[in-house]
Amino acid sequence: MYLTREEEDALMGEMGPSLRKAMEILVGLGDIYGAERLIPIESVQVAGVSYKTIGDAGLEWIDDMEGRAKVPAMLNPAGMDRQRWREMGITKDFSAKQLEVLNAYESLGITPECTCTPYYLNGPDKGDHLAWSESSAVSYANSVLGARTNREGGPSALSAALIGKTPEYGLHLDAKRRPTVTVRVEGRLHKADYGALGYLVGRRIGDDIPYFQLSKVPRPDDLKALGAAMAASGSVALYHVENATPEACQYTPPGERITIDTGEIRDVYGDPDGVDIVALGCPHYSDAELRRLAGLLIGREVKRPLWVCTSRTVYERNPDLVQLIEKSGARVFCDTCMVVSPASENYECMMVDSGKALRYVPALCGVEAVLGSMRECVEAACK
Ligand code: F3S
């Protein structure tokens, strides 16, 4: 791999042990995947934030690193709302450890905004190179925004932040962004169906790049749900949707085809009987989703916990919507989500409106999960 003089110096340890470690990680990845060089990036999103998932070993690794992020860098969701962790049922011990993790990242110059929707804060432009970690954010950046990022692990994203560069391979290259399979959907999709569709398609195609032909142009939040679910049930990091996503017009539909009908989609939905918590906001809710939810909750009272997860920035720019939602007894939490927080483990069956949460809540929290539309979730919470 070609390295500039400055990159060589960092790799030799002349800029300190942390930058040497960071360069070793980036060069190691570049060698494995055949990158020819490192390229500058516009921003980084670092995973490996919830103390539930990284534990003491992860905390120690971050604590040992020194230096400052060279590009804007944010974090993936943590294990709790930094301010309202008690309301989530988080213990004091967990909270102390989680705050240590956040402080360790902050001392490296990483903004402690913990979200899987960093594109609502300062969205990248088409063609920008990024080093993002969280699979739904990676999918949205590549597919809906036309930016370019591989799915980074926590250490490689942190290394990219400290160096300001990433190895040029995979989805940074034109040749690796071509669709490989056409997906046709027979019948009309309702708003809630995109998560279920993504859940089915991800299971069928693994890490292929799908080219969707849909009967109607989806909205950005529909695409967010579709991509998040495909990244969870498969490992799809880029997809194209005819007449909707920015790179789709460069391609013709691939010859290999699969068809999904709306009957299969309906079968992904579950029965709300037995649900003891409802959790929305996977990926973190947008302003539009908060607005829609507030409309559904006006004059209602929830009879079981209803959590809504969003970024702190979206929360703070919508105080009226948050107030309307919380008037029903629901809670809007920031910095965290139902999958990476240990608080979910206090429940037995969670209703979600997300194909991604449907896949991960059982796998990572040991809690049963049932899929419903946002409206069905509200009805289940108020029943
Ligand atoms: Fe985001 Fe957590 Fe879902 S990180 S995509 S809300 S699993």
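Modeller: Let's set the terms first: helices are DSSP runs of H or I with at least four residues, strands are runs of E with at least two, and both are numbered from the N terminus. This is a predicted model, in which local features need pLDDT of at least 70 and side-chain atom pairs count only at pLDDT 80 or more, while totals for chains, interfaces and linings use all residues. Residues are numbered from 1 along each chain as its sequence is written, and side-chain values use heavy atoms, with hydrogens and water left out.

Colleague: Thanks! In which loop is the place of D335?

Modeller: D335 has a positive phi near 70° without being a glycine. Most residues other than glycine have a negative phi. At 0% relative accessibility D335 counts as buried, a term for under 20% relative accessible area, with exposed over 50% and partly exposed in between (1.4 Å probe, protein chains only). Its place is the loop between β12 and β13.

Colleague: And does N243 count as buried or exposed?

Modeller: N243 also has a positive phi, about 65°, although it is not a glycine. N243 sits in the loop between β8 (240–241) and β9 (257–261). Its relative accessibility is 68%, so N243 counts as exposed.

Colleague: Which strand gives the most to the shell around the ligand?

Modeller: The shell (residues with a heavy atom within 4 Å) consists of P77, C116, E134, S136, G281, C282, P283, C337, V339 and K356. P283 lies in strand β10, and the peptide bond from C282 to P283 is cis, with omega near -10°. With three residues, the strand that gives the most is β10.

Colleague: Which residues does N76 contact, leaving aside neighbours within four places in sequence?

Modeller: N76 is in the loop between β3 (73–75) and α4 (85–88). Its relative accessible area is 11%, so N76 is buried. Taking contact as heavy atoms within 4.5 Å, its partners are Q45, V46, A47, V49, C114, T115, C116 and E134.

Colleague: What separates the C-alpha atoms of P342 and K52?

Modeller: P342 belongs to the loop between β12 (331–334) and β13 (349–352). Beyond its sequence neighbours within four places, P342 is in contact with K52, G79, I90 and F94. P342 and K52 are 290 residues apart along the chain, yet their C-alpha atoms are separated by 6.4 Å.

Colleague: At roughly what angle do the axes of α11 and α13 cross?

Modeller: The axes are lines fitted to C-alpha atoms over the stretch in contact, and angles run from 0 to 180 degrees between N-to-C directions. On the α11 side, D287, L290, R291, L293, A294 and L297 meet L321, L324 and I325 in α13. The axes of α11 (residues 287–297) and α13 (residues 319–327) come within 9 Å and cross at roughly 35°.

Colleague: How many residues of helix α7 are buried?

Modeller: The buried residues of α7 are G154, S156, A157, L158, S159, A160, A161, L162 and I163. Just after α7, G164 takes a positive phi of about 80°. Helix α7 (residues 154–163) is largely enclosed by the rest of the structure because, of its 10 residues, the buried ones number nine.

Colleague: Last one: what covers the buried residues of α6?

Modeller: Helix α6 (residues 135–143) is mostly covered, with nine of its nine residues buried. Among them are S136, Y140 and N142. The covering elements include β2 (43–46), β4 (130–132), α9 (220–233), β10 and α14 (355–365).
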